Amino acid sequence: MNNGHTYHRIGFSHQEDFVFVSPGEIIFIQSIHNNCLVYSTLQKSPFIIFISLQEVINRIPEVYFCRVHKSFIVSLEHIKKMNKEKTRLFYQDNKIVPIGRSYLQPFLEKVIMLR
């Protein structure tokens, strides 16, 4: 996931601490109200961070991530497959992320550009 770019760990406020993750460790991020759940390769359960999805978008390297729904940002690196109808993405451990209609075309264009 390097492609000549160096990305440092990203710090997120989590409970009374900060959690630091590398962009490559993030599978996807789900917005819940004004907070987010981060699904990572480091933990079986997601951890909650106390910032909005827009703030997350501002912190992560956009070359490896894409917003696919009003409530989801996904890592392009960790996608296992997409259904034929192009409405869902599948990740490890049977995790499923919906694709919103208005986000489908930009997502497909980004995936094609990474080939």
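Predicted model: local features only at pLDDT ≥ 70, side-chain atom pairs only at ≥ 80, totals over all residues.
**Stop 1**

Select residues 65–69, which are strand E6. Zoom in on one pair: histidine 69 has phenylalanine 72, in E7, as its bridge partner.

**Stop 1: the whole sheet**

Widen the view. E6 and E7 belong to an open sheet of five strands. Read across the sheet and the order is E5-E4-E3-E7-E6. The pairing is antiparallel. Next, pick out the edges. One edge is strand E5, residues 47–49, and the other is strand E6. Each edge strand pairs on one side only.

**Stop 3**

Select strand E9, residues 88–90, and strand E10, residues 96–98. Look at the loop between them. Click aspartate 93, which lies in that loop. Its phi is near 60°, a positive value in a residue other than glycine. Is aspartate 93 buried or exposed? Its relative accessibility is 61%, so aspartate 93 counts as exposed; the cut-off for exposed is over 50%.

Now click asparagine 94. This residue also lies in the loop between E9 and E10. Asparagine 94 has a phi near 60°, again positive in a residue other than glycine. Asparagine 94 counts as exposed because its relative accessibility is 72%.

Technical notes: Residues numbered from 1 in each chain as written. Heavy atoms only, no water. Helix = DSSP H or I, 4+ residues; strand = E, 2+ residues; numbered from the N terminus. Buried < 20%, exposed > 50% of the residue type's maximum accessible area, 1.4 Å probe, protein only. Pairing = 2+ DSSP bridges.
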